[in-house]
Amino acid sequence: LVNYDYLIVGSGLFGATFAYEAAKRGKHVKVIEKRDHIAGNIYTKEQDGIQVHQYGAHIFHTSNKEIWNYIQQFAEFNRYTNSPVANYKGELYNLPFNMNTFSELWGVTTPAEAKAKIEEQKAVANLSDSEPRNLEEQAISLIGTDIYTKLIKGYTEKQWGQKATELPAFIIRRLPVRYTFDNNYFNDIYQGIPIGGYTQIVEKMLDSDLIDVETGVDFFDNKEEYLKDYPRIIFTGMIDEFFDYQLGELQYRSLKFETEEMNVDNFQGNAVINYTDSETPYTRVIEHKHFEFGKGDKGKTIVTREYPANWKRGDEPYYPVNNKANNELYTEYRKLAENQPKVTFGGRLGMYRYYDMHQVIHAALEAVSQEFKD
Ligand code: FDA
C-alpha cells in the first residue's frame, strides 16, 4: 500500500495545478475524479480533427503575466480573440457593444453619433431618478432600450430562467461599451486557445510518478474512509454536498449541451454565436473548429447548442449563483470547513465562486504557497 501525502478530489484545473505543484515538491498524490475523464470543465476531445470543448466554449484570457507564463508550460497558445456575434431574430450584431454594433443597429458612423443615440434612448425610457429596482431598469438606464431589447433581455432571461423584471439589478453592475470598432470581447492583455486542446494541459500536470489518477470514482461513495486514510485532502467538489447539505442547498445553474456533427465545412462562420431573442431555446451555438481557425477534416464540422437549465441534485452544477442569500449561506459553510483541518476546499465548487481559468490557477497557486509555506 502506497502512503499518499494528499488525496485530491477532482481533476479539474484547480486539482491538477495543486497535484502538479505538490509532486514537484516530492509529495505523493492520489487524484480521484468522478467523471470518466480528467480535466473537469476544460475537457476537450478530438473529433474529425477538431478539438471539441465538451463543457462549453473556453477561451483563456488574463492580464497576469505570471499566470500566462505558467499555463504556457503545458501548451502552446494560438492568437484566438473572442469576438462573439449576436443573432436576434436573424439580425446579426457584433459584440461586445461597440461602434460596429451601433452602426449595425442605427447606421451611425461616428462615436459622437453613437453617444447621442444612447443618450436619446435612455431619455425615451423615462426612468425615475430612484435606484433601478430590477435588471431591466438597470440595463435600460445604462444603455437604452434598443440594445436592452435586442441584445440583453432574451439572453439574460434564458440564462437565469427568470424575467428581467424579477432579476436583481446588481447582476448588471456595468455594461462594457466601447466607442471604437473593436470586437475583442475581453480587455485582458493575453488571450488564446491551446493548440491541440485543453486536456493536454491537465494530462501534463498529472504526468508524474508521484501522481496516481483514478477516474470514475466518487468521493462520497467512501467519504469516511478517505477522511480516515489520508493525512490531507484537497476537495474541489461542491462544499454544500461535502457537508451533506446540512445548512441547506446553495443554488447553481446548470446547462445542457447538444452536439451535432455536420457534413459541411463551415456552418456559421464564427466560433460563438449568441441567440439573444427569447423564442430560441438555446443561448449559444458554438462551432468548435473556429477556435483553431478552421482546423479539422474537410467537409466536417462540430456544432454545440447550449441550453441553460435549472439545477437540482444530481445535475452538473456549472455556475454558482452568487447572490446575497447564497453568499451568506456559503459563509456559514466556510465556518463548518474551518472545523475540518485536514481538508482544503478549492476551485469553483469548493469555494463557490464563478472563477475563470486564470483565476482558478491563481487560487490554486495561492493554496499551494499556503500549504508549503514557500
Ligand atoms: P472543475 O469543475 O473543472 O473541476 C472539478 C472536478 O471535480 C470535476 O471534474 C468534477 O467531476 C470533480 N468532482 C466533483 N465532485 C466530485 C466528487 N464527489 N468525487 C470526485 N470528483 C468530483 N473560464 C475561462 O477562463 N474562459 C472561458 O471562456 C470559460 N468558459 C466557460 C464556459 C462554461 C459553460 C463554464 C461552465 C465555465 C467556463 N469557464 C471559463 C470557467 C472554467 O471552466 C473554470 O474556471 C474551471 O474549469 C474551474 O476549474 P475547477 O478545477 O475549479 O472546477
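The bend at a residue is the angle between two axes, one fitted to the seven residues ending there and the other to the seven starting there. Keep in mind that this model is predicted.

**Exercise 1.** Find where H6 bends, and by how much.

*Solution.* Start at isoleucine 152: the bend of H6 there is about 45°. Next, look at burial: Ile152 is one of the buried residues of H6, and Leu151 and Lys153 are also among them. Then see what covers these buried residues: the cover includes helix H5 (135-143) and strands S6 (85-88), S7 (91-94), S12 (272-275) and S14 (301-310). Finally, step just past H6, where glycine 161 has a positive phi of about 65°.

**Exercise 2.** Decide whether threonine 165 is buried or exposed.

*Solution.* First locate threonine 165, in the loop that runs between helix H6 (145-160) and strand S8 (190-192). Now count: 12 other C-beta atoms lie within 10 Å of threonine 165. A residue with 12 or fewer counts as exposed, so threonine 165 is exposed. Neighbours within four places in sequence aside, threonine 165 has contacts with Asn134 and Glu136.

**Exercise 3.** Describe which residues surround the ligand.

*Solution.* Begin with the total: 35 residues surround the ligand, and the closest are Gly10, Gly12, Gly40, Gly56 and Gly347. Two or more residues each come from helix H1 (13-24), strand S2 (29-33), helix H11 (347-350) and helix H12 (357-372). Sorted by class, the shell holds 17 nonpolar, 12 polar and 6 charged residues.

Notes:
Residues are numbered from 1 along each chain as its sequence is written. This is a predicted model: local features need pLDDT of at least 70, side-chain atom pairs count only at pLDDT 80 or more; totals for chains, interfaces and linings use all residues. Helices (H or I, at least four residues) and strands (E, at least two) are DSSP runs, numbered from the N terminus. A residue is buried if 20 or more other C-beta atoms lie within 10 Å of its own, exposed if 12 or fewer, and partly exposed in between; C-beta atoms are placed from the backbone. Two residues are in contact if their C-beta atoms, placed from the backbone, lie within 7 Å. A residue is near a molecule or strand if its C-beta atom, placed from the backbone, lies within 6 Å of it. Ala, Val, Leu, Ile, Met, Phe, Trp, Tyr, Cys and Pro count as nonpolar, Asp, Glu, Lys and Arg as charged, and the others, Gly among them, as polar.
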